[in-house]
Amino acid sequence: MPWSTAFDDPVRVSDRRKLVTLQDAADYVMQLPEDAQHEAHWQTAIETLINAAETGGGWVMFARIAMLRALNADGRRE
């Protein structure tokens, strides 16, 4: 599946920003400070994003869930 694959429901980061595609989510993670990217919850999100891009199917849902969990763990959702 391409990185342009959309989540069933966008991942809301703030009132003004949402992550619509796998690429949006990957770009968001890559903009985090490097030390944050190495935290376990972000590593899980990265792994599931890669699996979703390579395999598709249920992995897209898992990637969305992993992004939500990582955002909540970091308190980054506004």
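These legends accompany close-up views of helix packing in a predicted model.

The model is predicted, with local features needing pLDDT of at least 70, side-chain atom pairs counting only at pLDDT 80 or more, and totals for chains, interfaces and linings using all residues. Residues are numbered from 1 along each chain as its sequence is written, and side-chain values use heavy atoms, with hydrogens and water left out.

**View 1. Helix H3 spans residues 40-55.** Helices are DSSP runs of H or I with at least four residues, strands are E runs of at least two, and both are numbered from the N terminus. H3 has 16 residues and reaches 22 Å from its first C-alpha to its last. That is close to the 22 Å expected at 1.5 Å a residue, where the expected span is 1.5 Å times one less than the number of residues. Gly56 follows H3, and its phi is positive, near 80°.

View 2. Buried means under 20% relative accessible area, exposed over 50%, and partly exposed in between (1.4 Å probe, protein chains only).

**View 3. H3 packs on H4.** The angle is about 160°, and the axes lie 8 Å apart. Axes are lines fitted to C-alpha atoms, for helices over the stretch in contact; angles run from 0 to 180 degrees between N-to-C directions. H3 and H4 are therefore roughly antiparallel. Angles under 35 degrees count as roughly parallel, over 145 as roughly antiparallel, 65 to 115 as roughly perpendicular and the rest as oblique. Residues of H3 including Trp42, Thr48 and Leu49 meet a set in H4 including Val60, Ala63 and Met67. Contact means heavy atoms within 4.5 Å.

**View 4. H1 packs on H4.** Their angle is about 30°, with axes 11 Å apart. That makes H1 roughly parallel to H4. Leu22, Ala25, Tyr28 and Val29 of H1 meet Ala63, Met67 and Leu71 of H4.

**View 5. Thr5 sits in the segment before S1.** Thr5 counts as buried because its relative accessibility is 12%. Thr5 touches Val20, Thr21, Leu22 and Val60, not counting residues up to four places away in sequence.
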